[in-house]
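Subject: Structure handover

Hello,

Here is the structure for you to open and keep beside this message. My notes follow it.

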Amino acid sequence: MPIVTDYLFKLITRQIEDNGIVVWYDGDRQYTEIVSTLNIPNTTVASYSDSFFALRYEIDHLLNELDPPRLLIYVPLHPQETNNALVELEAVGVIMKPGQQPPIRNTKLSVIARNALKPILGEETTATIEKQVEAGKLSLTELNAIAERGEGITQGVVLTIFSTGNPQEVALEFLASDRFDNAIVSKGASQELAILLQSAYDIQLPPDETPSAYRVRLARHILSTEFISSIKGDIPSQLSSVKIAVNPATRDACIHLAKTWRLRRDLKESYVTHANQVEAELAIASLDLQQEQIARVETFLAVERRLQYLIEKSLLTEANSQIDEIIKFRQSSFWSEYYPNVQAQWALIAVAGQLLQEASRIEKELKSPTADVQTIFNAYTDTEMPWCLIDTYHRHLERHWHNFDWAGHDDRHQSLDKLVNHARHRYMDVGSQLAETFIRRYEAEKFRLPGVMKQTEVFAQVVKPKLAAGKTAYVWVDALRYEMARELTQTLIDDYNLEIKGAIATVPTITEIGMASLLPGAEKSATVVKVGDSKLGVDINGTVLKDRPGRIKLLQENATVNVFATKLEDLLPKPKKKEKEGIQQAGLILVTSQEIDAIGEGDNIRLARRTMDDILNELKKVFRVLSELGVENIIFVADHGYLFGEELSDDMKIDAPGGETADLHRRVWVGKGGRADTAFVRAKLSDFDLGSDLEIASPWNFACFKVKGGTEAYFHGGLSPQELIIPVVTLTPKQKISVGITSDIAWTLEPGSQKISTRFFSVTIKGEATGIFELVAPKIRVEVRVKKDCISQPATASYGFEDATGDIQLQKAADNPRAIESNTVALIITQDQPTKTIATVHLLDALSGTELAKIPNIEIAIAI
């Protein structure tokens, strides 16, 4: 008797022996073909067929005998369809049916299959088959055939060679390498192996071929089946002759095997080798596949690249949330995790799409006739979906673009280059519209924004009230644009109670004016004055301020508490004794930072794009240092924002007003006299409530004045929201700031390659809890170091990546609450190193900087 049927037979026989009468319901008619073959000793088998009267007539004589009958009544109906016709028989006997309790009376086919096959095929394979039965893909006859083939293999030589009879485990071990080939040949196991693989995966393996040939055939069959089965819609005609598994059960088994093969990190090299070979054989790169066909297909690298190309083209015409979902999925795909440049390309595509969507949204909303300057200000600084996101996405786009490895792939990346350029042009276009609309409506309101804080009011309204509440830090960050501060605050919410407000900077939006406007007394007496040839300063109550020492002196004289002044660089990585003592003794700590403005005005555009965001992580570290030293309130502000768009072209340069020029920058002219022009707005500084007889002129949009020797892409001084709206952020450390990792975790770091041979390098992070407490997934950071110097920047990750800081928030594995979900982090090597330099890879707790794990002795095999 076939194996699965035999198991069912024994189950029914046991119930007959224990209870005498069994009423067996089979509403799905899964057992009709075997009922007539059941030969249970001393038992009558009766079957319902159209009439319960006929059935009762057939068995009544048995019920009238003195000895209790042994009777099996088979009813191919659901119980509710019988109108209780057999209720008295059910009462004196037992019922067997799908789902019946106890389990020994449950005849559900998937349950019968599981119990019969598990000893033969193992847990994993049996679980897969059980799901296929529940989906209606396998009949009893097919299950018997699977069991028969499986039993023959698991009792044979294959089991002794592979130490398992599980077809999937055997297939994976066989595909991974040739280490079992000699044993297969010497023990004459080729035929058994062929039978096992044929039964599980519907593949024909000729008996006269070598194990190596079998391996090539099996890889092609498995990958072809998964690929073709995963394509949505019509299959390309070029693939019509490719043989794949056609039986639903074996087809699903092939798909499951391919996915498992990719997920097994110890087998990934073999997967890549075979996938690339099959990809070439099938000419996958030449197929005219469409986006909707392959959005979820991971089989081949060529498919990944094709999808990147198609989405890059799609985004040129439309950006939408559906594309966002595809990109998000692909950023953690097998090929993204195996090749860091693939993941980096998806990250670049993603941010280009975000920028394009944001540009379309703002462009549409700007057309509203009710969008006055107050409305635009609120929209730009709104906490949910602020318009300043367009600046954030553009900043991210430029960083990703300048970090991307373009070498040697000009043809492949043409569509990506077009997408990035399109996104840049949209940013410049919509950004210019936003600037001009804002400035024109600001002018229409006589440069008034009621209810909005002015930069000159920050000390009086925000800082001074905090001084009485405890030790306060006042952090001046040169050129910290509003959107950058907003992004930074998103990473601080776990450790601080915070508030972010937008304020209006003092014009012109240059460092000398903005920094002085943050001082006490500026709210009452701030006058912009000339302090030399083409230089401006601010007069506060008779003191002219033109540099950092002068500003510090005025603050110390007017703050009403002891002031200690320091620089951001002096507090990192750890403050020295002088800084610690100064902070502990002061009521107000002034921290200044010029990093953003310094690197932007250095006019090394590529370096600025790649490293400007580093300041956000540095600020986060400084806030932590200040909190640990007893600072109870932290207020960080900026002197001005900036524009950092495309390099200036001739058509973007306009003539300045001329006349008596007090100061001239790319974005602002200050002086007297000269000419008016439709290309720029012109106003008196007194219009902005500043005590000055000077005038100001600034381009309406993103245009710039012609200035000899000026920077070519990074500017400030004007009246655009990006330059004029500054952040004022108040932080209060929570009672217990996160101290870093709180769980005992055994970490595993897997390098993407044994050498660093390109500018991109990846590391896969895994972890498992080892302590008794619940796993808390930490926020981490990964660095490549040469000696003590970090030579890398985080570029992207499978999940949890913070663009603001480069930190990665890990998470628990979905299927194991005591394990960390695997995360592949892509790093870009930023500093030149001689070939054969030895580097180390460090996994750090992002909060405390504690080293969690490291990979030693990684050779650098490139000259960047």
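In strand β18, Glu695 is the bridge partner of Lys684. This is a predicted model, in which local features need pLDDT of at least 70 and side-chain atom pairs count only at pLDDT 80 or more, while totals for chains, interfaces and linings use all residues. Residues are numbered from 1 along each chain as its sequence is written, and side-chain values use heavy atoms, with hydrogens and water left out.

β17 and β18 (residues 695–699) run antiparallel and are joined by 5 bridges. Two strands pair if DSSP finds at least two bridges between them. Helices (H or I, at least four residues) and strands (E, at least two) are DSSP runs, numbered from the N terminus. The open sheet here has 4 strands in the order β15-β16-β18-β17, with antiparallel pairing. β15 (660–664) and β17 (680–684) are the edge strands, and each pairs on one side only. From one strand to the next, the twist averages 25 degrees. Angles run from 0 to 180 degrees between N-to-C directions, and axes are lines fitted to C-alpha atoms, for helices over the stretch in contact.

**The six-stranded sheet**

Another open sheet has 6 strands, in the order β6-β21-β12-β5-β11-β10, and its pairing is mixed. β6 (496–504) and β10 (563–567) stand at the edges with a single partner strand each, so one side of each has no neighbour in the sheet. Neighbouring strands are turned by 15 degrees against each other on average, direction ignored.

Look at the pair β5 (residues 472–477) and β12 (residues 633–638): these strands run parallel, joined by 6 bridges. Ala473 stands opposite Ile634 in β12. Helix α30 (residues 614–628) packs on this sheet and touches β5, β6, β11 (588–593), β12 and β21 (725–733). Contact means heavy atoms within 4.5 Å. The direction of α30 makes about 165 degrees with that of β5.

Is β24 mostly covered or mostly uncovered? Strand β24 (residues 760–769) is mostly covered, with 8 of its 10 residues buried. Buried means under 20% relative accessible area, exposed over 50%, and partly exposed in between (1.4 Å probe, protein chains only). Strand β22 (residues 745–751) runs antiparallel to β24, with 7 bridges joining them. Ile745 has Ala769 of β24 as its bridge partner. β24 also pairs with strand β30 (residues 816–829) in the antiparallel sense, over 8 bridges. There, Gly767 stands opposite Ile820 in β30.

**Helices packing on α13**

Two packed helices are described by the angle between their axes and the distance between the axes. Helix α12 (residues 211–230) packs on helix α13 (residues 248–263) at about 105 degrees, with the axes 8 Å apart. α12 is therefore roughly perpendicular to α13. Angles under 35 degrees count as roughly parallel, over 145 as roughly antiparallel, 65 to 115 as roughly perpendicular and the rest as oblique. Residues in the contact include Ile222 and Glu226 of α12, and Trp261 and Arg262 of α13. By class, this contact has 8 nonpolar, 3 polar and 4 charged residues. Ala, Val, Leu, Ile, Met, Phe, Trp, Tyr, Cys and Pro count as nonpolar, Asp, Glu, Lys and Arg as charged, and the others, Gly among them, as polar.

Helix α11 (residues 190–201) also packs on α13 at about 105 degrees, with axes 7 Å apart. Ser199, Ala200 and Tyr201 of α11 meet Thr250, Ala253, Cys254 and Leu257 of α13. That contact has 5 nonpolar, 2 polar and no charged residues.

**Backbone details**

Most residues other than glycine have a negative phi, and most peptide bonds are trans. The bond joining Val507 and Pro508 is cis, with omega about -5 degrees. Pro508 is in the loop between β6 and α25 (511–516). Lys446 is not a glycine, yet has a positive phi of about 60 degrees. Lys446 counts as exposed, at 64% relative accessibility.

**The whole chain**

The chain has 31 helices and 32 strands. Buried residues make up 56% of its 864 residues. The C-alpha trace spans about 120 × 60 × 55 Å along its principal axes.

Best wishes
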